[in-house]
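Trainee: I would like to work through a model with you. Shall we put it on the screen?

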Amino acid sequence: MGTLEQLGLVEKVLQLRHTTLSSITLPIPGGSTMTLDIEKPLKRLKVKYPYIVMLPQVHFLEFLTSEAEKYSGFHLLMGARVEGLIEEGGEVHGVRYRLHESGHDTWHEIRAILTVGADGRFSRVRQLAGFEPIKTSPPMDVLWFALPRRPDDPENAIGNIGNGHFIAFLNRFEYWQVAYVIPKGTYQQLHTGGLEALRKSVADLMPSMADRVDALQEWKQVSLLSVESNRLPRWHRPGLLLIGDAAHVMSPVGGVGINYAIQDAVVAANLLTAPLKAGKVSDHDLGKVQRHRELPTRVIQALQAQAQNQVVKRALQPGSGFLISRPLQLLFRLPFLRDIPVRLITLGLWPVRVAN
Ligand SMILES: Cc1cc2nc3c(=O)[nH]c(=O)nc-3n(C[C@H](O)[C@H](O)[C@H](O)COP(=O)(O)OP(=O)(O)OC[C@H]3O[C@@H](n4cnc5c(N)ncnc54)[C@H](O)[C@@H]3O)c2cc1C
């Protein structure tokens with residue numbers, strides 16, 4: 001939100017249909033709950049918009065591209081798949097891409113002083129550049145599916161933990177986007193158990209949703225996200241920079257992937273505008289972007305690994321109702337410690353501001 005404000009876009013984003021999240025409620029031993037307040041720590045950090053905005057990514061991306069189109073130098077080519085790098089003298093000078101039009105493929109080239117691979121978790125550019133990420137395997141996978149939403153349903157995201165599962169319902173206005181977290185590698189077993197067992201588990205975890213689990217009729221309504229977390233030891237080669245998920249896939253813990261990808265882009269723009277205007281971006285310039293962004297990324301990934309081991313792994317143990325250990329509960333209550341996770345998730349290790 002801070003970045004959007006610096007770009008003069010925040011009011012327009014808030015006009016898009018959205019919901020806000022200012023606290024998260026988690027179950028604790030003994031059947032009660034504890035609330036992780038987001039609003040108060042963000043206010044203490046003097047953040048102007050002290051909440052998380054939830055809106056469908058597709059609407060946000062449509063909005064961003066429509067704003068970008070106001071710049072004469074912006075050109076968006078939909079349906080173009082990068083399949084090759086133009087490499088000359090050990091430097092990357094652009095990409096080769098395939099366009100599928102009127103039933104057949106055509107091949108094209110774009111030459112550039114700098115190529116930025118921002119092509120996500122399965123980055124083709126990363127693969128073409130020969131970069132191998134260091135992988136860690138979080139202990140969970142996520143099933144995604146939609147369930148109907150009723151007019152009298154709550155506005156906020158809701159969820160629960162129990163019976164070795166973790167479930168979250170995200171408000172998508174007309175429907176609930178449901179994330180059902182399962183222990184890593186157990187999808188096949190779940191599938192063999194049949195859809196009725198999944199429907200029953202969802203209804204047991206969220207009795208208020210039991211009246212609509214029948215909307216799940218076929219497995220093809222359910223998509224499996226194999227959760228992975230990784231990072232590149234090196235984000236650049238002469239003429240090429242990787243940012244966002246292409247450089248570091250984040251675990252879903254804390255929902256930081258978009259923040260960290262946007263912050264990479266802001267830092268890259270801040271540090272590379274002058275060299276780009278001068279017509280030459282050195283490998284040293286690209287290294288500065290990595291140096292600025294790598295530590296915040298590694299710190300949040302370490303924090304996510306802790307949360308996975310301390311919270312998610314416990315929650316995914318069959319029969320476990322025990323979510324948050326006592327030391328962690330204490331951490332959330334200590335004034336100087338409790339704001340650290342919220343700060344790292346929302347702002348990162350240090351603030352990132354749009355330079356111009
Ligand atoms: C199911 C799911 C739910 C998530 N929920 C959240 C959340 O609630 N909050 C959060 O912060 N993060 C969430 N994330 C993570 C978040 O989506 C990513 O961290 C973020 O989108 C990364 O941004 P990016 O620009 O690096 O890559 P992406 O957003 O993945 O964008 C990559 C783009 O590159 C394009 N592309 C790929 N290959 C090629 C090619 N060969 N040629 C041309 N273009 C190509 C893709 O089509 C895509 O448009 C979620 C991820 C998943 C999978």
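Trainee: How many helices and strands does the protein have?
Mentor: This is a predicted model, in which local features need pLDDT of at least 70, side-chain atom pairs count only at pLDDT 80 or more, and totals for chains, interfaces and linings use all residues. Residues are numbered from 1 along each chain as its sequence is written. Helices (H or I, at least four residues) and strands (E, at least two) are DSSP runs, numbered from the N terminus. The protein has eleven helices and 17 strands.

Trainee: What radius of gyration does the protein have, and what would a compact globule have?
Mentor: The radius is taken over C-alpha atoms, and the globule rule is 2.2 Å times the number of residues to the power 0.38. For 356 residues that rule gives a value near 21 Å, which agrees with the protein's 22 Å. Along the principal axes, the C-alpha trace spans about 65 × 55 × 40 Å.

Trainee: What percentage of the residues of the protein count as buried?
Mentor: A residue is buried if 20 or more other C-beta atoms lie within 10 Å of its own, exposed if 12 or fewer, and partly exposed in between; C-beta atoms are placed from the backbone. Of the 356 residues, the buried share is 25%.

Trainee: How far apart are the end C-alpha atoms of helix 8?
Mentor: Helix 8 covers residues 257–278, which is 22 residues. The expected span is 1.5 Å times one less than the number of residues. That gives 32 Å, and the model agrees: the ends are 32 Å apart.

Trainee: Where in helix 8 does the kink lie?
Mentor: The bend at a residue is the angle between axes fitted to the seven residues ending there and the seven starting there. Here the kink is about 50°, shortly before the proline Pro-275. Just after the helix, Gly-279 takes a positive phi of about 85°. The kink itself lies at Leu-272.

Trainee: Which element gives the largest share of the shell around the ligand?
Mentor: A residue is near a molecule if its C-beta atom, placed from the backbone, lies within 6 Å of it. Of the 19 residues around the ligand, Gly-120, Gly-244, Gly-255, Gly-257 and Ile-258 come nearest. Strand 5 (80–88) and helix 8 each supply at least two shell residues. The largest share, four residues, comes from helix 8.

Trainee: How many residues of the shell are nonpolar, polar and charged?
Mentor: Ala, Val, Leu, Ile, Met, Phe, Trp, Tyr, Cys and Pro count as nonpolar, Asp, Glu, Lys and Arg as charged, and the others, Gly among them, as polar. The shell divides into ten nonpolar, five polar and four charged.

Trainee: Is Lys-46 buried or exposed?
Mentor: Lys-46 sits in the loop between helix 3 (39–44) and strand 4 (52–54). Its phi is near 60°, positive in a residue other than glycine. Most residues other than glycine have a negative phi. With 7 other C-beta atoms within 10 Å, Lys-46 is exposed.

Trainee: What phi does Phe-173 have?
Mentor: Phe-173 lies in the loop between strand 12 (165–171) and strand 13 (175–183). Phe-173 counts as exposed because it has 12 C-beta neighbours inside 10 Å. Phe-173 is not a glycine, yet its phi is positive, at about 70°.
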